[in-house]
Amino acid sequence: MIPVIALVGRPNVGKSTLFNQLTRSRDALVADFAGLTRDRKYGEARLGSRPYVVIDTGGISGDEEGIDSQMAGQSLAAIEEADAVLFMVDGREGLNATDEALARHLRQRNKAFHLVVNKIDGIDADVATSDFYTLGVESLFAIAASHGRGVSSMIETVLEGF
Ligand code: GDP
Ligand code: MG
């Protein structure tokens with residue numbers, strides 16, 4: 001089984017940066033994994049010799065009315081087909097109403113997620129993450145996707161579940 005990891009979160013939290021970091025120097029697009037469509041952006045990644053698939057999503061904008069309209073259809077679909085969801089938030093901006101709406105959605109769907117507090121380069125990680133525990137977090141990682149900080153140990157932990 002090749003685990004599928006979806007990156008979800010509102011725009012600008014760093015999903016594509018993490019996607020590129022994880023899939024760097026690989027053939028970026030793969031569409032030949034069973035059950036996956038071409039609608040979303042899939043990348044093949046590897047931890048050591050272990051392959052996994054990452055899905056980048058366009059994200060959720062915060063200015064619509066309901067959670068369903070807030071979430072692009074492809075983000076919803078990515079959540080459904082993922083074995084693991086990395087829910088990304090911005091450690092510099094702190095908790096946001098859109099983050100809360102997405103957390104509610106994931107709980108409604110009974111989807112376990114790992115909370116990924118990104119952009120902790122140059123700031124205090126403990127302070128940056130403290131804001132987010134109200135989301136009801138079981139698993140939290142503090143990373144700096146653009147620097148690669150915390151990234152491989154996070155993936156290692158996430159893949160341990162499979
Ligand atoms: P997306 O909309 O969620 O895909 O976010 P992007 O990956 O496009 O990143 C949005 C912005 O955040 C870009 O300007 C990135 O360079 C920046 N960014 C991403 N990761 C980090 C990080 O770890 N630290 C800092 N300081 N900026 C980051
Ligand atoms: Mg993006």
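Tutor: This is a predicted model. Start with β5 (113–118): five of its six residues are buried, so the rest of the structure largely encloses this strand.

Student: What does β5 pair with on the β4 side, and in which sense, parallel or antiparallel?

Tutor: β4 and β5 are parallel, with six bridges between them. For one residue pair, look at Val 85, whose bridge partner in β5 is Phe 113.

Student: Which helix goes with β4 and β5?

Tutor: Helix α4, residues 97–108, makes a β-α-β unit with β4 and β5, and that unit is right-handed.

Student: And how many bridges join β5 to β6?

Tutor: Three, and β5 and β6 run parallel. Val 117 has Ala 142 in β6 as its bridge partner. To get from β5 to β6 the chain passes through helix α5, residues 125–130, in a right-handed β-α-β crossover.

Student: Moving to β1. How many of its residues are buried?

Tutor: Five of five, so β1 is mostly covered. Val 4, Ala 6 and Val 8 point one way from the strand, Ile 5 and Leu 7 point the other way, and all are buried.

Student: Which strands does β1 join?

Tutor: Strand β3, residues 50–56, is joined to β1 by four bridges and runs parallel to it. Leu 7 is opposite Asp 56 of β3. β4 is also joined to β1 by four bridges, again in parallel. There, Val 8 has Phe 87 of β4 as its bridge partner.

Student: Switching to helices. Which residues of α6 are buried?

Tutor: In α6, residues 151–160, they are Met 154, Ile 155 and Val 158. Their arc around the axis is only 95 degrees, which puts them on the same side of α6.

Student: Why would residues a few places apart end up pointing the same way?

Tutor: An α-helix has 3.6 residues a turn, so residues three or four places apart point the same way.

Student: What sits on the face turned away from the buried side of α6?

Tutor: Exposed residues: Ser 153, Glu 156, Thr 157 and Glu 160.

Student: And what covers the buried residues of α6?

Tutor: The cover includes strands β1 (4–8), β2 (41–47), β4 (84–90), β5 (113–118) and β6 (140–142).

Student: Now the ligand. Which residues are closest to ligand 1?

Tutor: Gly 14, Lys 15, Ser 16, Thr 17 and Ala 144 are the closest of the 15 residues that surround ligand 1.

Student: Which element gives the largest share of that shell?

Tutor: Helix α1, residues 15–23, with three residues.

Student: Last topic, the whole chain. How many helices and strands are there?

Tutor: Six helices and six strands. Along the sequence they follow the pattern β-α-β-β-α-α-β-α-β-α-β-α.

Student: What percentage of the protein is buried?

Tutor: Of its 162 residues, 36% count as buried.

Student: And what share of the contacts links residues 24 or more positions apart?

Tutor: Such pairs make up 66% of the contacts in the protein, taking those with a separation of 6 or more.

Terms used:
Residues are numbered from 1 along each chain as its sequence is written. Chains are lettered from A and ligands numbered from 1 in the order in which they are written. This is a predicted model: local features need pLDDT of at least 70, side-chain atom pairs count only at pLDDT 80 or more; totals for chains, interfaces and linings use all residues. A residue is near a molecule or strand if its C-beta atom, placed from the backbone, lies within 6 Å of it. Helices (H or I, at least four residues) and strands (E, at least two) are DSSP runs, numbered from the N terminus. A residue is buried if 20 or more other C-beta atoms lie within 10 Å of its own, exposed if 12 or fewer, and partly exposed in between; C-beta atoms are placed from the backbone. The arc is that of the directions from the helix axis to the C-beta atoms. Two residues are in contact if their C-beta atoms, placed from the backbone, lie within 7 Å. Two strands pair if DSSP finds at least two bridges between them. A crossover is right-handed if, with the strands pointing away from the viewer, the path from the first strand over the helix to the second runs clockwise.
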